[in-house]
Amino acid sequence: MSTIIYPSPIFGPVHSRRLGISLGINLLPADGKVCSFDCIYCECGFNADHRPTKPMPRRQEVAEALEAKLKDMLANGPAPDVLTFAGNGEPTVNPEFPEIIDDTLRLRDKYFPNAKVSVLSNSTMIHRQAVHDALMRVDNNILKLDTVDPIYINKVDRPCGHYDVNQVIEDLKRFNGHVIIQTMFMKGDHSDNTGEAYVGPWLEAVRQIAPSQVMIYTIDRETPDRLLQKATHEELDAIRDRVIAMGIPCTASY
Ligand code: SF4
């Protein structure tokens, strides 16, 4: 199976239709995955199959590698459209995440002031005030909420520790709209969150959170659970249109 383990702490840039030229910042170890979820659709594979031996990168190492890469991109191109925190797991579990965000914003302002800073996170650490405050400072605070059903969450996202979805929704509300909700819709042998029993309560949570935007998507690459299937274009479009009908911008990626 071809799952992806990214270089650390900097990878790319990669060109994506949605984000443009994106420089990746990976705050997890270079030789494995660290995540507070263990999603059955994770493109990095299952946690147990990719236990790292190396440590997470430290703040200074990230800043030095990022500055060297940005200098090179300034001299030789291409100019990044976005600096994206993603990679081998959950970026906010790095204990220096808030300070690394500050370094990144400073370096972005110095080298590419027009580039956006985006964070892709699974929302498990947003109860920490320092993480919340750091996410308030980035341009695109993209947080996962796949469903509000605890049984589905335990089957699909598979939190590694305590996870209370109602508390997460309360914490998402605390961003006062400075949040983009990202949701994976898909089907499998034991999972399908495209039906009304899942979509209706999820829409109600989205309405309460009142994010600036919602991004819905489906599986794209090979997944550790081989039985997963994509949600259809029609299903995604119908969900997207219901979000838009609430007055919240929404995009669907197939
Ligand atoms: S939250 Fe993201 S990195 Fe973590 S297991 Fe799920 S898909 Fe993978």
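Predicted model: local features only at pLDDT ≥ 70, side-chain atom pairs only at ≥ 80, totals over all residues.
Figure 1. The shell comprises five nonpolar, two polar and two charged residues (nonpolar: Ala, Val, Leu, Ile, Met, Phe, Trp, Tyr, Cys and Pro; charged: Asp, Glu, Lys and Arg; polar: the others, Gly among them). Cys-35, Phe-37, Asp-38, Cys-39, Cys-42, Cys-44, Gly-89, Glu-90 and Asn-122 surround the ligand, each with its C-beta atom, placed from the backbone, within 6 Å of it. Residues are numbered from 1 along each chain as its sequence is written. Local features need pLDDT of at least 70 and side-chain atom pairs pLDDT 80 or more, whereas totals for chains, interfaces and linings use all residues.

**Figure 2. Buried and exposed residues of helix α5 (residues 165–173).** Val-168, Asp-171 and Leu-172 are the buried residues of α5 (buried: 20 or more other C-beta atoms within 10 Å of the residue's own; exposed: 12 or fewer). Because they cover an arc of only 100 degrees around the axis, they lie on the same side of α5; the arc is that of the directions from the helix axis to the C-beta atoms. Asn-166 and Gln-167 are exposed on the other side. The buried residues of α5 pack against β5 (140–144) and α6 (196–209), contact being C-beta atoms within 7 Å. Helices (H or I, at least four residues) and strands (E, at least two) are DSSP runs, numbered from the N terminus.

**Figure 3. The largest nonpolar core.** This core, a set of buried Ala, Val, Leu, Ile, Met, Phe, Trp, Tyr and Cys residues joined through C-beta atoms within 7 Å, has 63 residues. Leu-27, Ile-181 and Ile-216 have the most contacts inside it. Helix α2 (residues 97–111) supplies the largest share, four residues.

Definitions and conventions
Contact = placed C-beta atoms within 7 Å.
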